[in-house]
Amino acid sequence: MAMTALELGLRGAVVALFLVVCAVLLLRYAAVHRAAHLGAAMGAAGAAYAISTAPFFPASSFGWSSPFIAFAMGSPVIFWLWARAMFDERFALRPWHAAVWTLLAGLGVISHNCWTIWPDLAGPCGRALALATIAFAALGIAQIPKGWRTVAATARGRILIALMIGIGLQMMFAASAGIAAIPTRSINLSAALALAAFALIAIWMMLFDPPESQPAVAGGGNGQAAREARALAPAGPPASSQAALNRLRHLMATERTYRQEGLTIGVLAVKLGMPEYRLRSLINDGLGHRNFNAFLNRYRLDEAKAALADASQAEVPVLTIALDAGFQSLAPFNRAFKADTGLTPTEFRRQAMAGQTADAVEIARSE
């Protein structure tokens, strides 16, 4: 009884987590990523699966339980479509996709609800559903190589690939257990734990930036290490990304979007009208920046250095310059500035003013 109570509590938490996944995808990503709606459908299907396979769920009823069963059993088709949308640039939803989902969902409803009424019908439907589940899960995983190079370029993309492989394998395992007639109760708790893990990874991946695999460049001296690292970065994006790069440069250099308070890579992706993962790949691979913050700080620091070296702004407080450049407070500005130049902002300004004075004296002497 204690294990049943534990499983029910875990499944309730899983349902809540998957609903959070749906909300985040629809509210944050739907405007910039065509796969967001299918990802949200996967979250809803995960919640339906957690409910429909829970203890005490009606085993034979064509009533209120049928929509949960249909959505849960049709999840392999949604998984396949989601994977295609993520990794195949030419993919577009077609009406026949809905027909395939309806067929699989129908098999699920019949196999689940007809065991006591028409067992001769439920058995073949259940086996057909299990085989179709394995096939669609395998087809979903098979989409990954189509966009491997682009998606795997970032830590977030690599986590996404691992998540998709995990979901596909879990579907195949559950379907294989059904074909092998392994008692459902013996695998339900492990399935609930797997669902909880998938939901937690998805939420963490969407709400937080995973650490990038490229090592940070330590600041020091006069920032020579940072400049060398940038010099060794890739020369530029492929020609197909040049238009996107031009739009990005216009936003940053001309419109100075980096000054915007609360600017995130998601907000910038919306402005550019591209998926977030593509923008991240452009920043990391095309421009050679370690991560989005490093890319953003490059523009902010360059503006701050120009202002600190401007004699007409010699009386402007350092804090004002930092805030105007887009930094939220003085402490992170000082840290970023010291890491980039090896000097504090005040020391940098003093040296710049001294250099300008020396140049002026030299010019006066030559005249």
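# Salt bridges and nonpolar cores of a helical chain

At 36% relative accessibility, Arg259 counts as partly exposed, because that class lies between buried (under 20% relative accessible area) and exposed (over 50%), with a 1.4 Å probe and protein chains only. The structure is a predicted model in which local features need pLDDT of at least 70 and side-chain atom pairs count only at pLDDT 80 or more, whereas totals for chains, interfaces and linings use all residues. Residues are numbered from 1 along each chain as its sequence is written, and side-chain values use heavy atoms, with hydrogens and water left out.

**Overall architecture**

The chain contains 17 helices and 0 strands; these are DSSP runs (helices: H or I, at least four residues; strands: E, at least two) numbered from the N terminus. Of its 367 residues, 45% count as buried. Contacts are heavy atoms within 4.5 Å; among those between residues at least 6 apart in sequence, 72% join residues at least 24 apart. The chain exposes about 18,400 Å², of which carbon and sulfur atoms supply 65%; accessible areas come from the Shrake-Rupley method with a 1.4 Å probe, and for residues only the protein chains shown count as cover.

**Salt bridges**

The table lists three of them.

| Pair | N to O separation |
|---|---|
| Arg259 and Glu303 | 2.6 Å |
| Asp302 and Arg298 | 3.2 Å |
| Lys305 and Asp340 | 3.0 Å |

The salt bridge between Arg259 and Glu303 links distant parts of the chain: Arg259 is in the loop between helix 11 (242–254) and helix 12 (265–272), while Glu303 is in helix 14 (residues 292–308), 44 residues apart. Glu303 is buried, with a relative accessible area of 15%.

Asp302 and Arg298 both belong to helix 14 and stand 4 residues apart, about one turn of the helix. Asp302 is partly exposed at 36% relative accessibility, whereas Arg298 is buried at 14%. The salt bridge between Lys305 and Asp340 joins distant parts of the chain, with Lys305 in helix 14 and Asp340 in helix 16, 35 residues apart. Both Lys305 and Asp340 are buried. Arg298, Asp302, Lys305 and Asp340 are linked in a network of salt bridges.

**Nonpolar cores**

A nonpolar core is a set of buried Ala, Val, Leu, Ile, Met, Phe, Trp, Tyr and Cys residues joined through side-chain atoms within 4.5 Å. In the largest core, which has 42 residues, Trp82, Met164 and Ile167 touch the most other members. Each of helix 1 (2–29), helix 2 (36–52), helix 4 (75–87), helix 5 (95–113), helix 6 (119–142), helix 8 (155–179) and helix 9 (185–207) supplies at least two residues of this core. Helix 4 contributes the largest share, 10 residues. Apart from neighbours within four places in sequence, Trp82 is in contact with Ala35, Leu38, Gly39, Met42, Leu160, Met164 and Ile167. A second, separate core of 17 residues includes Ala269, Leu282, Ile283 and Leu296.

**Surface patch**

Leu319, Leu323 and Leu330 form a nonpolar surface patch with about 230 Å² of accessible area together. Patches are made of residues with over 30% relative accessible area and no salt bridge; nonpolar side chains (Val, Leu, Ile, Met, Phe, Trp, Tyr) are joined within 5 Å, like charges within 9 Å. Leu330 is in helix 16 (residues 330–341) and is partly exposed, with a relative accessible area of 32%.

Technical notes
Salt bridge = Lys/Arg side-chain N within 4 Å of Asp/Glu carboxyl O.
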